[in-house]
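Please keep the sequence and the coordinates in view while reading.

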Amino acid sequence: MRWFLEADVKAGRPVLIRMVIEGIPIGPRPQRADELRREAEALLVKGPPQLDQEALDRMRYVISSLLTDLADERPDFERVAIGSALYQALGDFILRSNGQWSGAGKWLPRQMTAFDPVLGGAFVEAFDMLFREGEAKPALDCAEQVFAAHGGLLFDGYRADALPEWRK
């Protein structure tokens with residue numbers, strides 16, 4: 001169980017951590033569940049590990065590419081595909097660049113609005129417009145606002161080397 005809790009920490013998404021905290025223990029050793037719950041609560045309060053600049057730049061590069069694609073005229077199915085990828089990537093970037101836990105599915109907008117109600121509301125509204133109306137401009141504007149504090153889009157001069165563990 002600790003391995004899975006640590007995997008949540010490394011991923012920056014407290015999926016199992018929340019399950020342990022909010023779940024109802026079953027089985028013959030409820031005291032063990034209480035111990036795990038306390039550990040999970042401590043992990044949640046501590047927050048995810050801070051991302052280094054290289055990780056943030058890698059995220060910015062991917063998001064920059066998605067934003068460029070979204071800004072072009074696209075068939076509806078492509079706009080939805082790009083928007084879906086951008087929704088998760090931009091949400092992760094906003095939260096993780098601010099030392100916050102991220103989320104997936106229903107947890108991403110919950111985490112966003114809990115972290116910053118104004119930005120979270122703008123994020124949700126922008127992607128609602130994208131997915132309901134096909135209107136990309138609010139999502140592009142939201143991303144531009146977020147990236148302004150990080151130097152804007154990242155393309156020129158960006159270079160990503162393979163991680164050391166990937167090299168042979």
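Helices (H or I, at least four residues) and strands (E, at least two) are taken as DSSP runs and numbered from the N terminus. The model is predicted, and local features require a pLDDT of at least 70, side-chain atom pairs count only at pLDDT 80 or more, and totals for chains, interfaces and linings use all residues. Residues are numbered from 1 along each chain as its sequence is written, and side-chain values use heavy atoms, with hydrogens and water left out.

The chain contains eight helices and zero strands, giving the pattern α-α-α-α-α-α-α-α along the sequence. Along the principal axes, its C-alpha atoms fill a box of roughly 60 × 45 × 30 Å. Of its 168 residues, 35% count as buried; here buried denotes under 20% relative accessible area, exposed over 50%, and partly exposed the range in between (1.4 Å probe, protein chains only). The chain exposes about 10400 Å², of which carbon and sulfur atoms supply 56%; accessible areas come from the Shrake-Rupley method with a 1.4 Å probe, and for residues only the protein chains shown count as cover. A contact is defined by heavy atoms within 4.5 Å. Among contacts in the chain with a separation of 6 or more, 56% involve residues 24 or more positions apart.

Arginine 37 is placed in helix 3 (residues 30-46). A polar atom of the arginine 37 side chain does lie 2.4 Å from the backbone oxygen of isoleucine 21. Apart from neighbours within four places in sequence, arginine 37 is in contact with Val20, Ile21, Glu22, Gly23 and Pro25.

Glycine 91 belongs to helix 5 (residues 76-97). Glycine 91 counts as buried because its relative accessibility is 0%. Leaving aside neighbours within four places in sequence, its contacts are Leu86, Ser102, Leu108, Met112 and Phe123.

Side chains of opposite charge can pair when their charged atoms come close. The structure holds 13 salt bridges. One of them joins aspartate 92 to arginine 13, with the closest N and O atoms 2.8 Å apart. Aspartate 92 lies in helix 5 and arginine 13 in the loop between helix 1 (2-11) and helix 2 (15-22), so this pair ties together parts that are 79 residues apart in sequence. Aspartate 92 is buried, at 14% relative accessible area, whereas arginine 13 is partly exposed, at 25%.

Another salt bridge links arginine 132 and aspartate 128, at 2.5 Å from N to O. These two residues are about one helical turn apart, because four residues separate their positions in helix 7 (residues 117-133). Arginine 132 is exposed, at 66% relative accessibility, and aspartate 128 is partly exposed, at 33% relative accessible area. Elsewhere, salt bridges with shared partners join Arg2, Arg32, Glu35 and Glu39 into one network.

Methods: A polar contact is a pair of N or O atoms within 3.5 Å; within protein, one must be able to donate a hydrogen and the other to accept it, and residues adjacent in sequence count only if both atoms are side-chain atoms. A salt bridge is a side-chain nitrogen of Lys or Arg within 4 Å of a carboxyl oxygen of Asp or Glu.
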